[in-house]
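Open the model in your viewer and keep the sequence panel beside it. Each stop below says what to select and what is found there.

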Amino acid sequence: MKADVFTLFPQWFEWFRSQRHVQNALALGHTVDAFDFRSATPLKWGQVDDTPFGGGAGMVLRVDVMEAALRERYGEDPVSLRSHRRVVALTPAGRLLDDALATELAGEEELTLLCGRYEGFDERILEHFVSDQISIGRYVLAGGELAAMVVLDTVLRKLPGVLGDDLSAVEESFSQALEGAPEYPHYTRPAQWRDWAVPDVLLSGHHARVEEWRRAQSRLRAQRPLP
Ligand code: 6GU
C-alpha cells in the first residue's frame with residue numbers, strides 16, 4: 001500500500017513511522033508519506049485557511065490550497081483523482097471506522113488521507129476531491145492527524161507479513177472470523193497466581209475443546225459487553 005497523508009504537521013508522522021508494525025510494513029515495500037500542504041500553497045505568507053463566509057468561529061481550509069497540494073503530488077486535476085484512488089478526508093461526522101472498513105481500505109493499492117484542522121474543510125473539497133469521509137468516533141479532535149494515524153494503524157496491521165503472525169489479524173475482536181464479536185480472553189504463564197487460576201480447558205491440550213470454549217466466550221462477550 002502507498003499511503004499519502006496531507007497535513008500541516010508532517011513531522012508527527014515521523015513518530016508514527018517508527019512504530020514496530022509500521023516499520024515492518026515499510027520494510028515490505030509499503031509507504032507512508034506525509035505532505036505539508038502549506039508547502040504547496042499558492043498564497044503569500046504560507047496561508048492555508050481563512051475565516052468562514054457568513055461569519056462564525058474558527059478557520060476553514062481553503063479549496064485552492066488543497067487543489068494545489070494534490071496537483072503538485074499527483075500531477076492531475078484532483079477532480080479525476082478520486083475516480084481511481086481512495087481520497088479520504090478525516091472528519092468527525094464521517095463514516096465511522098470499524099473493522100470492516102479497515103479491511104476494505106487494506107485492499108487498496110493506494111490511499112490518500114487529508115487531515116483538516118480548526119473548523120475543517122471548505123465544503124467544496126469534500127464535494128469534489130474526496131471519495132470518502134471517515135470519522136474515528138463521535139467526538140471532536142483538534143485535527144485529523146490522530147485520526148489518520150488510527151486509520152493507518154488498523155489498516156497496516158492487516159497487510160500480509162506486517163504482524164509477526166498473520167493469523168493475529170484474522171481472529172481478533174470484531175473480525176469476520178469471530179462473526180464481529182469481541183475476542184475471547186487470553187492467558188499466559190503463570191497458570192496460577194494468588195488464587196487466580198487459568199481456565200482448565202486451556203491447559204488440557206485438547207484443541208477442539210479450546211476452540212469451542214473460545215467461540216463460546218467470544219459470543220458471551222458479544223451479548224454482555226464489558227463494563
Ligand atoms: Cl476524523 N477528525 C477530527 N477532527 N475529529 C474527529 C475525527 C476526525 N474523528 C473523530 N473525531
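Start by selecting Gly 116, which is buried, with a relative accessible area of 7%. The model is a predicted one. Gly 116 sits in the loop between β6 and α6 (123-128). UniProt, in an unreviewed entry, marks Gly 116 with the feature "binding site". Now show what surrounds this residue. Leaving aside neighbours within four places in sequence, Gly 116 is in contact with Leu 61, Phe 121, Gly 143, Gly 144 and Glu 145.

**The sheet**

Next, switch to a cartoon view and find the strands. Five of them form an open sheet with parallel pairing, in the order β2-β1-β6-β5-β7. Which strands stand at the edges? They are β2 (31-36) and β7 (132-135); each has a single partner strand, so one side of each is left without a neighbour in the sheet. Turn the view to look along the sheet: on average, neighbouring strands are turned by 30° against each other, direction ignored.

Now go through some of the strand pairs.

- Select β1 and β6, which pair in the parallel sense over five bridges. Ala 3 has Leu 111 in β6 as its bridge partner.
- Select β5 and β6, which pair in the parallel sense over five bridges. Here the bridge partner of Ala 89 is Leu 114 in β6.
- Select β5 and β7, a pair that is parallel and has five bridges. Leu 96 stands opposite Ser 135 in β7.

While the side chains are on show, keep one rule in mind. In a regular strand the side chains alternate between the two faces of the sheet.

**The helix α5**

**The nonpolar cores**

Hide the cartoon and look at the nonpolar side chains. The largest nonpolar core has 27 residues, and Phe 16, Leu 113, Leu 152 and Leu 156 touch the most other members. Which elements give two or more residues to this core? They are β1 (2-7), α1 (12-17), α2 (20-27), β5 (86-96), α5 (99-106), β6 (110-115) and α7 (145-156). The most comes from α7, with seven residues.

Select Leu 156 and its contacts. Not counting residues up to four places away in sequence, Leu 156 touches Phe 16, Val 22, Ala 25, Val 32 and Val 162. Another core, of 20 residues, lies apart from the largest one. Among its members are Val 48, Leu 61, Leu 81 and Phe 129.

**A buried glutamate**

Move on to Glu 172, in the loop between α7 and β8 (192-193). Is Glu 172 buried or exposed? Its relative accessible area is 10%, and buried means under 20%, so Glu 172 counts as buried. Leaving aside neighbours within four places in sequence, Glu 172 is in contact with Asp 99, Arg 157, Lys 158, Leu 178, Ala 181 and Glu 183.

**The whole stretch**

Finally, select residues 1-223. An unreviewed UniProt entry gives these residues the annotation "domain: tRNA methyltransferase TRMD/TRM10-type". Over this stretch the chain is 35% helix and 18% strand. The end C-alpha atoms are 36 Å apart.

Methods:
Residues are numbered from 1 along each chain as its sequence is written. This is a predicted model: local features need pLDDT of at least 70, side-chain atom pairs count only at pLDDT 80 or more; totals for chains, interfaces and linings use all residues. Side-chain values use heavy atoms; hydrogens and water are left out. A nonpolar core is a set of buried Ala, Val, Leu, Ile, Met, Phe, Trp, Tyr and Cys residues joined through side-chain atoms within 4.5 Å. Buried means under 20% relative accessible area, exposed over 50%, partly exposed in between (1.4 Å probe, protein chains only). Helices (H or I, at least four residues) and strands (E, at least two) are DSSP runs, numbered from the N terminus. Contact means heavy atoms within 4.5 Å. UniProt positions are given in the numbering used here, feature names are shortened, and annotations may be inferred rather than shown by experiment. Two strands pair if DSSP finds at least two bridges between them. Axes are lines fitted to C-alpha atoms, for helices over the stretch in contact, and angles run from 0 to 180 degrees between N-to-C directions.
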